[in-house]
There are 2 protein chains.
Amino acid sequence: MKVNRSRKYVVDNLQYALNPKSIAVVGASRYNGKVGFKVIEGLLNWGYKGKIYPVNPRAEKVHGFDAYPTVQDIPHDVDLVFIAVPAHIVKSVLEDCVAKKAKIVVIATSAFKEIGRGDLQNQLTQYCRDHKLPMIGPNLVGMGSPYLHFNCGFIPYLPIEGPVAMISQSGANLLAALGTSQKDHFGMSFFVGLGNKADVDFCEFISYAGVDDNTKCLAVYIEGLDSPEAFIDACKSVNKPIVTIKVGGSKIGVKAAFAHTASENEGTTDKFYDEVFEKAGAIRATTWQEFLDVSLALGLQPPLQGDNIVMITNGGGSGLLSCDHFERCGLPLHELSEISPGLAGRIRAYMPMFGSPLNPVDISGTASPIQYKGAFHQAIRDPKVHGILGSICPTAVTDVGAVVDIVIELHEMYKHLNKPFIMECQGGEECQEAIMKLRDHGIPAYPTAEQSVNAMIALYKYGQIKKSK
Amino acid sequence: MKVNRSRKYVVDNLQYALNPKSIAVVGASRYNGKVGFKVIEGLLNWGYKGKIYPVNPRAEKVHGFDAYPTVQDIPHDVDLVFIAVPAHIVKSVLEDCVAKKAKIVVIATSAFKEIGRGDLQNQLTQYCRDHKLPMIGPNLVGMGSPYLHFNCGFIPYLPIEGPVAMISQSGANLLAALGTSQKDHFGMSFFVGLGNKADVDFCEFISYAGVDDNTKCLAVYIEGLDSPEAFIDACKSVNKPIVTIKVGGSKIGVKAAFAHTASENEGTTDKFYDEVFEKAGAIRATTWQEFLDVSLALGLQPPLQGDNIVMITNGGGSGLLSCDHFERCGLPLHELSEISPGLAGRIRAYMPMFGSPLNPVDISGTASPIQYKGAFHQAIRDPKVHGILGSICPTAVTDVGAVVDIVIELHEMYKHLNKPFIMECQGGEECQEAIMKLRDHGIPAYPTAEQSVNAMIALYKYGQIKKSK
């Protein structure tokens with residue numbers, strides 16, 4: 001249901017969704033495979049330190065905890081109520097929550113507006129709003145934070161710690177992102193599935209993420225916006241980069257988005273969303289991969305202050321893929337001679353005769369760690385250079401590990417210059433390891449040329465957005 | 001240098017580049033780090049069974065083999081001569097090769113046309129052509145085949161066995177592909193770096209791959225085509241899918257491609273190459289990732305005979321990313337009711353009430369392996385359905401391994417129907433393992449929605465190309 005702007009009582013209470021001292025799980029089950037079982041299992045497995053109160057009228061104990069027939073029967077304060085019972089029972093649970101003065105409720109249950117029960121969903125939402133009880137969902141997977149060891153939902157893993165707040169309407173895509181987090185070291189500050197976002201809306205989690213200390217970048221997956229103006233307002237008030245991806249714009253997607261999260265896209269166009277995101281100062285990604293790649297870069301690196309990007313690679317082919325992609329995306333590389341007279345000559349000292357000091361700078365497949373270091377040094381120290389894109393392709397003599405260590409060292413040494421440093425590592429297992437190590441040290445790294453270019457372009461876009469603010 | 005068409009003596013002798021009984025390595029070195037050392041090391045490490053003759057006038061033994069002062073001094077037949085000596089010495093080595101009646105030469109040496117020594121390169125090329133000695137290179141990284149345990153060059157790894165012949169002008173990108181092969185189970189039949197392709201040209205390796213039994217799809221990375229007509233002719237004569245990627249089209253890329261592999265792009269446009277590839281019946285990829293993804297699909301699966309694609313997923317969000325991308329690429333999904341009356345009803349039996357039998361079919365995050373099996377069964381057996389896109393998102397109850405086994409079983413069972421089956425597995429390590437297992441069983445699988453859609457669209461395009469032939 002529409003909101004006009006981020007509501008203060010909602011934003012204030014979102015802390016209880018991510019950092020509750022106590023949780024009641026309604027529909028807590030003794031049977032593995034049930035959502036109400038998995039929620040408590042997840043809380044325990046990932047190290048939740050607060051109180052857990054299972055609610056189940058047919059059980060005395062669940063997971064070893066005393067169970068209660070209703071939320072009202074719990075003899076202690078309750079911050080968060082997680083609801084995983086059939087749709088027709090939810091109303092009475094909400095009444096208990098209001099009576100219990102719970103701080104926030106999360107409804108995981110599906111089968112509301114997305115299957116045609118919009119009236120029921122609206123009734124519940126209005127009830128929560130009347131009683132100033134923020135309600136997240138329904139039809140969602142859960143939320144959590146690696147910093148708080150908090151995994152609350154139907155979720156097999158926690159992400160690793162990092163800069164990106166992942167705010168997603170889709171549970172499946174949220175889970176995919178969490179999996180990627182572990183596998184590819186994509187660090188998150190917190191994550192939440194919004195599902196049908198009947199009450200708590202994007203704008204409120206955006207406002208919350210804007211003041212969350214761990215969050216450096218917001219990644220927002222949208223199936224439909226009920227409140228575009230509130231979204232724009234919230235984004236504008238946040239002084240952090242925001243990346244969006246919007247689905248449900250295709251002919252069949254309009255129906256699929258409704259069936260999935262009851263999102264309404266009838267009558268809105270892709271262009272409409274382009275305008276919303278432009279007004280909001282958000283960067284729109286097209287594909288899921290770009291969404292993740294760009295969010296990570298914006299979370300780890302400062303904005304790019306100009307378009308003097310120097311690319312240094314030991315692979316001419318990777319340089320070509322990159323410079324073509326830069327131009328395709330409207331941000332062509334400049335030759336070193338245009339960027340800074342003398343820079344080409346200074347970098348020349350670190351490459352063989354058949355290398356090429358153009359831009360991309362091809363220091364050739366025989367490049368040693370020392371040559372990489374020298375070339376990077378020259379580029380990063382040049383005051384005319386705004387950002388560095390490095391690339392490693394493993395030849396039979398490339399010492400990937402040593403180059404990675406040099407990049408980490410230089411990145412630390414020149415952090416005060418506020419120049420983005422992005423790496424591409426294209427190849428086998430050693431490159432995957434390099435990517436993860438670089439990410440762990442705050443350097444966005446990717447396995448293909450185009451991904452690293454997309455990341456750099458996003459840093460440029462964010463620089464432009466900041467200037468226009 | 002230009003060729004008018006694939007030359008028979010060249011194509012006939014390419015077998016000696018990939019399957020030589022004997023190899024002379026000119027510039028064989030006793031010092032680790034040198035190309036001439038790495039070549040022999042690579043041959044030995046990866047199990048080459050033929051004869052190796054190091055050529056080095058200042059050594060008696062290299063890697064334990066008798067060394068010879070020149071190629072002419074080798075007292076046995078020589079199939080392949082691999083040359084890794086400075087550019088100014090190459091001419092005399094070629095004279096030795098002609099005198100020795102070697103079958104083919106490979107020049108790894110750089111510093112020819114790409115640094116302005118076009119005259120020298122042309123002289124060497126003309127000399128080889130005058131003597132009908134096919135010459136691969138110069139300025140290349142090497143070649144090999146996992147089926148032959150053959151790794152000949154400056155190359156840290158062999159790919160895994162599979163359907164794709166990788167023909168690349170760039171060494172770095174070739175190496176990246178080989179690394180990906182191991183890491184992501186991207187199978188190859190053989191690979192070759194063409195470098196400056198002064199003599200042996202794309203057309204000839206394309207003709208060769210066309211008759212190579214292990215090759216089911218050709219992946220061709222191009223920095224510049226000297227002989228577009230010969231390229232088109234060769235492609236048209238090959239009854240296998242061909243995927244291309246062309247770089248060096250950007251303003252700075254024109255210079256970078258020349259500096260890299262002496263490729264000439266001055267005066268050609270991207271549109272020109274679009275036309276070349278269309279005439280050739282080749283499928284053009286834009287990004288490196290798409291190039292790999294699409295090649296694998298075409299290597300593993302039959303062409304798609306129509307556009308009735310059914311997508312089955314346990315993640316509504318992944319379905320949305322997919323259906324939007326299908327429409328963006330000009331091949332929108334059709335609703336089940338349009339594809340086949342009754343299909344939606346039959347699939348309905350395998351999903352909960354809040355699932356959605358639209359298309360994408362969302363069998364919901366609670367989907368069990370049995371539900372997956374039932375839904376896949378119904379879709380694949382329906383005579384109106386041309387292809388299946390399956391998708392797994394790991395929720396807390398998803399049994400990824402069991403679903404993978406079901407897909408493998410169904411894929412085998414219904415192979416005779418010649419319907420493409422593609423999988424998306426989006427998530428963490430268990431999905432990466434699933435992807436590799438599926439690929440090992442002939443099913444193209446990818447970690448994101450858009451990648452799997454690109455793969456399916458390529459199968460459709462190839463179906464159209466075959467029909468128009």
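1. Start with one salt bridge. The side chains of B:K255 and A:E335 meet in it, N to O at 2.5 Å. A salt bridge here is a side-chain nitrogen of Lys or Arg within 4 Å of a carboxyl oxygen of Asp or Glu. Between chain B and chain A the count is two salt bridges.

2. A word on the basis. This is a predicted model, in which local features need pLDDT of at least 70 and side-chain atom pairs count only at pLDDT 80 or more, while totals for chains, interfaces and linings use all residues. Residues are numbered from 1 along each chain as its sequence is written, chains are lettered from A and ligands numbered from 1 in the order in which they are written, and side-chain values use heavy atoms, with hydrogens and water left out.

3. Polar contacts across the interface. The rule finds 24 residue pairs in polar contact between chain B and chain A, both residues at pLDDT 80 or more. A polar contact is a pair of N or O atoms within 3.5 Å; within protein, one must be able to donate a hydrogen and the other to accept it, and residues adjacent in sequence count only if both atoms are side-chain atoms.

4. Which element of chain B gives the most to the side that touches chain A? Helix 12 does, with nine residues. Elements that each supply at least two residues include helix 6 (171-184), strand 13 (242-246), helix 9 (251-261) and helix 12 (316-328). Helices (H or I, at least four residues) and strands (E, at least two) are DSSP runs, numbered from the N terminus.

5. Extent of the interface. The contact (heavy atoms within 4.5 Å) takes 73 residues from chain B and 75 residues from chain A. The two chains bury about 5600 Å² between them, 67% of it on carbon and sulfur atoms. Buried area is the accessible area (1.4 Å probe) that two parts lose on being put together, summed over both. In chain B, B:K183, B:I252 and B:L320 lose the most area to chain A, together 12% of what that side buries.

6. The same surface serves both copies: 100% of the contact residues of chain B recur in chain A.

7. Backbone points to check. Most residues other than glycine have a negative phi, and most peptide bonds are trans. A cis peptide bond joins A:N359 and A:P360, with omega about 10°. A:P360 sits in the loop between strand 16 (356-357) and strand 17 (361-362) of chain A. In chain B, a cis peptide bond joins B:N359 and B:P360, with omega about 15°.
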